[in-house]
Amino acid sequence: MNEMNRHNLNPAGAPIVHTMSVDVEDYFQVEAFANSVSTDAWDRFPSRVCANTLRILDLFDAHNIKATFFFVGWVAEKFPSLVRETHRRGHEIACHSYWHRPVYHLTPEEFRDDTRKARDVIEQACGERVLGYRAPTWSITATCLWALDILAEEGFAYDSSIFPIHHDLYGVPSAQRFPHVLEASNGSRLYEFPPATVSLMGLTLPAAGGGYLRIFPLAYTDFAFRRISRKEGEAVSVYFHPWEIDPEQPRIAAGLKSRFRHYTNLRRMEGRLVHLLTHYSFNTYRSRMEKAARECDSRGFSFAPVSGMPSESSP
């Protein structure tokens, strides 16, 4: 997989519409509890993903927001009516793997099989082709960039899996911070949409999504929106999970770090979402990708491939 030279995918002077996404997984499926809850045990836990996702759908309806919902295939197969209801309300349906296993723990063959199985059950549920993919736990890292070629070979149009930060579980620190185009080995293009980060004093810091939205002060999130949209002229990619608005979910025994990451500020999350929905405009990744494609084509960009994952200083 080669990375194209970066071009700003937001037309100059156009009002910025940010991107909202939901990773649809249940509370017991998260990587933080992978050592405590095996996939064989998932059926033994009371599911809360439907009720939480329906609350999110109502919240988005109240603010006239459309979002991209990345469904875990296991959830889509068990609750196809939830996929259909999300699609019926006008949201984009995308893929978040089948078993929610980190990509760097899989072989290329296992990744391809998992992705195919997930997309198949998701498409059967929603009746529409799935264009987007997001790896569990942002787990496409420097050790498994081959996954991007497989996604392109399997017909995906975009990916949102590469977090350009340092982290103990994920991240490609040298990756570009904003949307760009990747060229697969089969010659097709794959749009890459990284989650939001802020460049501050030489550091790249995560912002505006998941635990970073839930745990960091809300003032930091607003600062990130101002800095990314006003100073850098880019849209902010927000993500979260249905379990993050559910402070009453059953507690799972795990290590201190895992419990901190999962349970901190669950009671504040919905209020923070309402704040974002009230103050900013959002749409889907599919909408953003289609606008980017039109803009690139109209400006006649020549995307010469370059090797590796370049730094942010690439032209």
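Which residues in α7 meet Arg272, His275 and Leu276 in α9? They are Leu218, Thr221, Asp222 and Phe225, where contact means heavy atoms within 4.5 Å.

## About the model

This is a predicted model, in which local features need pLDDT of at least 70 and side-chain atom pairs count only at pLDDT 80 or more, while totals for chains, interfaces and linings use all residues. Residues are numbered from 1 along each chain as its sequence is written, and side-chain values use heavy atoms, leaving out hydrogens and water. Helices (H or I, at least four residues) and strands (E, at least two) are DSSP runs, numbered from the N terminus.

## α7 with α9

Let us return to the opening pair. Helix α7 covers residues 218–231 and helix α9 residues 266–279; their axes come within 11 Å and cross at roughly 25°. That makes α7 roughly parallel to α9 (angles under 35 degrees count as roughly parallel). Axes here are lines fitted to C-alpha atoms, for helices over the stretch in contact, with angles running from 0 to 180 degrees between N-to-C directions.

The residues of this contact divide into three nonpolar, two polar and two charged. Nonpolar covers Ala, Val, Leu, Ile, Met, Phe, Trp, Tyr, Cys and Pro, charged covers Asp, Glu, Lys and Arg, and the others, Gly among them, are polar.

## α1 with α3

The axes of α1 and α3 also come within 11 Å, and they cross at roughly 5°. α1 is therefore roughly parallel to α3. On the α1 side, the contact is made by Val49, Cys50, Thr53, Leu54 and Leu57; α3 brings Leu82, Glu85 and Thr86. Sorted by type, the contact has five nonpolar residues, two polar and one charged.

## Helix α4 and its cover

Helix α4 (residues 108–126) has 19 residues, which at 1.5 Å a residue should span 27 Å, and its end C-alpha atoms agree, at 27 Å apart. The expected span is 1.5 Å times one less than the number of residues.

After α4 comes Gly127, with a positive phi near 70°.

## Two positive phi values outside glycine

Asn64 is not a glycine, yet its phi is positive, about 55°. It sits in the loop between α1 and β3 and, at 65% relative accessibility, counts as exposed (over 50%).

Ser97, in the loop between β4 and α4, has a positive phi near 75°. Ser97 is buried, with a relative accessible area of 1%.

Methods
Parallel < 35°, antiparallel > 145°, perpendicular 65-115°, else oblique. Buried < 20%, exposed > 50% of the residue type's maximum accessible area, 1.4 Å probe, protein only.
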